Amino acid sequence: MDQTFWTYFFVIATFSLYIGIAIWARAGSTRDFYVAGHDIHPALNGMATAADWMSAASFLSMAGLIAFLGYGGSVYLMGWTGGYVLLALLLAPFLREFGKFTVPDFVGDRYYSKVARVIAVICALFVSFTYIAGQMKGVGVAFSSFLGVPFNVGIFIGSAIVFFYAVLGGMKGVTYTQVAQYVVLIFAYTVPAIFISLTITGNPIPQLGFIGNVAGTDVSMLEKLNTMVTDLGFTEYTQTTKSKIDVFCITAALMFGTAGLPHVIIRFFTVSSAQAARKSAGWALMFIALLYTVAPTVGAFARMNFIDTVNEATYITDGENYEERAAQILADGGKPVPTWYKDWETTGLLKYDDLNGDGKMQYRGPDAPDGVANEVVPDRDIFVLANPQIANLPAWVIGLVVAGGLAAALSTAAGLLMVISSAVSHDLLKRTFTPNMTEKQEMLAARSAAAVAVVSSALLGAFASNLPFVAQVVAFAFGLAAASLFPIIFLGIFWKRMNKEGAIASMVVGLVTTFSYIYYFKFGGGTSDQWWFNFGDGGVSPEGIGFVFMWLSAAVGVIVALVTKAPPQDIQDLVEDIRIPGTRTSHGIADGGMAPLPAAE
Amino acid sequence: MSTTTHTADPAGYWKATIRLTISLLVIWFLVSYGAGILFRDALDNFSIGGAPLGFWFAQNGAIYVFLALIVVYCRKMTKYEKKFGIKG
């Protein structure tokens, strides 16, 4: 059985599973469609949240990023997990007790304002659309490099699958599909990691291999890696070139951004009570931690394997017979370029330029002690997909990893689609412009919005194919969520005095400042020496700026609220209610358009 | 007034919740921003297995502590709900 067979096998098997689940979990009402009937078990919801949360970026790119950033990669590890502590302690149980369908619902009702609702819709749509384009691009890449299907056809197949289960099943279909996708992706991630850890350190548990010694020696794996990379002129693996303030701010922006991202928050509306929401956040983090504590190991091993197999290898051109030439190089005591390298070279994600004309591949850092120039430029995104080949694992493992990457991308895309369709059908149409809609009409609007969103995101993904899109999007999505949504949700729960005027001012300030800073430095020609808060070793990068503006946004909100009228008594009573589980009653001014959902008994 | 645990005391419940939340967030800050970033150089003088301690916290340890914090929070909140007579 060759690799293509196994890849097709796993992709077709998992896709059929998703379709089967979608047919079984059709949505019958808007309650099913928006919040999956409101009675998902906390552990299942935790699994769905984990799949929702771990995108193509987590699955495909993160380990590769860590491999090349070393300690600098910690910002992703801590940032993308630490936000769950904030979610569990500060937001999830209270938002569930509040009992509505979406994040703009909370903002609009808590701040008794259509303007606030619409601004929240804009934030949610902006964050979701930019994010989803990256997922679709990931789907296109996985299809084109493994199944020999053109990039755009890959996006089309992926979109058709998501279309089917999101439009038909809504949140209910998405939830159960995400549970299946979690199982596929975690299995696909850990199986190769276990093999690799076993090969390098002799320990099958990747988390222990990470702190263990290289097999058969008493040198620790990280120490060996540090020596390897410094010998080639890179920064030590356990160090970073980023300034401390930047590491601090990026980590914080990712944490608060995680807590403010609408597609994560809506998952907590699907459980039955505040208590279930707390538990569900715990389950979600546990399922996420299974992948996130393995990722540093995968990254470190990838870097080590890459240097071992590629550096100083003799290159074989496409014109030569690979087998003959490789045998000859080996006989001369040399190291031929590995087959996986030749396979991946065709994707254009690996670049080799023989600068010194010796026919060998010199991989060097910026401060190479031997003064040799670097000749090999690998794309970081290939490592998770290429790792099984680099480590010579069986063909079925590679097929499994491809299916896992697709599961990660599709589950996140589906979660984001739900945010987009509910923002349009529920928040814009039902709650703002056409409140007289019947439930049937609203369902139709929700399905149409989901359909339009799938098509537009597929187009966005196709257009994004030539942009370094995914990395830029992360800064936008997390920075904006941290600076514009997190402060007003937090203040809305913990400060009764927070009012409409304060909320609108806070969102606008957070949105405008963060957007301008990121836009200027990512697309407007700004350079890194102009970054703000530079205390001698570099300032705050666009990735971290959301954290700084979050405080500004909160401060402006509080000041404006203090100089304007206190919120109506109804709202203050509502805030009391959501703090104490089981006491939520209807409050005229906040619930006029839609009564709260009761807790399931 | 009865001293049984069935009397609902929302104010006491909310006060206990806030106190718990703040203490857990202090730990959250110390293990991530503290051990993993601000004081990592000092912690790197120690090691866990073959990894420098500060580096390990940044890449693995903080995540385990985050998970433990949520578990403690869930347990304590369930206890508070019983103690202060909240429905939950």
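Biologist: Is C74(B) buried or exposed?

Modeller: This is a predicted model. The relative accessible area of C74(B) is 10%. Buried means under 20%, so C74(B) is buried.

Biologist: How many disulfides are there over all chains?

Modeller: A disulfide is a covalent bond between the sulfur atoms of two cysteines. The rule asks for two such sulfur atoms within 2.5 Å. Over all chains, the count of disulfides is zero.

Biologist: Where does Y112(A) lie?

Modeller: Most residues other than glycine have a negative phi. Y112(A), although not a glycine, has a positive phi of about 35 degrees, and at 18% relative accessibility Y112(A) counts as buried. Y112(A) lies in the loop between α6 (103-110) and α7 (114-146) of chain A.

Biologist: Which element gives the most to the side of chain A that touches chain B?

Modeller: At least two residues each come from α5 (74-98), α11 (244-260) and α13 (274-292) of chain A. The residues on this side divide into 30 nonpolar, 15 polar and five charged. With 13 residues, the element that gives the most is α5(A).

Biologist: What area is buried between chain A and chain B?

Modeller: The contact takes 50 residues from chain A and 42 residues from chain B. Carbon and sulfur atoms give 72% of the buried area. That area is about 4,000 Å².

Definitions and conventions
Residues numbered from 1 in each chain as written. Chains lettered and ligands numbered in written order. Predicted model: local features only at pLDDT ≥ 70, side-chain atom pairs only at ≥ 80, totals over all residues. Heavy atoms only, no water. Buried < 20%, exposed > 50% of the residue type's maximum accessible area, 1.4 Å probe, protein only. Helix = DSSP H or I, 4+ residues; strand = E, 2+ residues; numbered from the N terminus. Contact = heavy atoms within 4.5 Å. Buried area = accessible area lost by both parts, 1.4 Å probe. Nonpolar A, V, L, I, M, F, W, Y, C, P; charged D, E, K, R; others polar.
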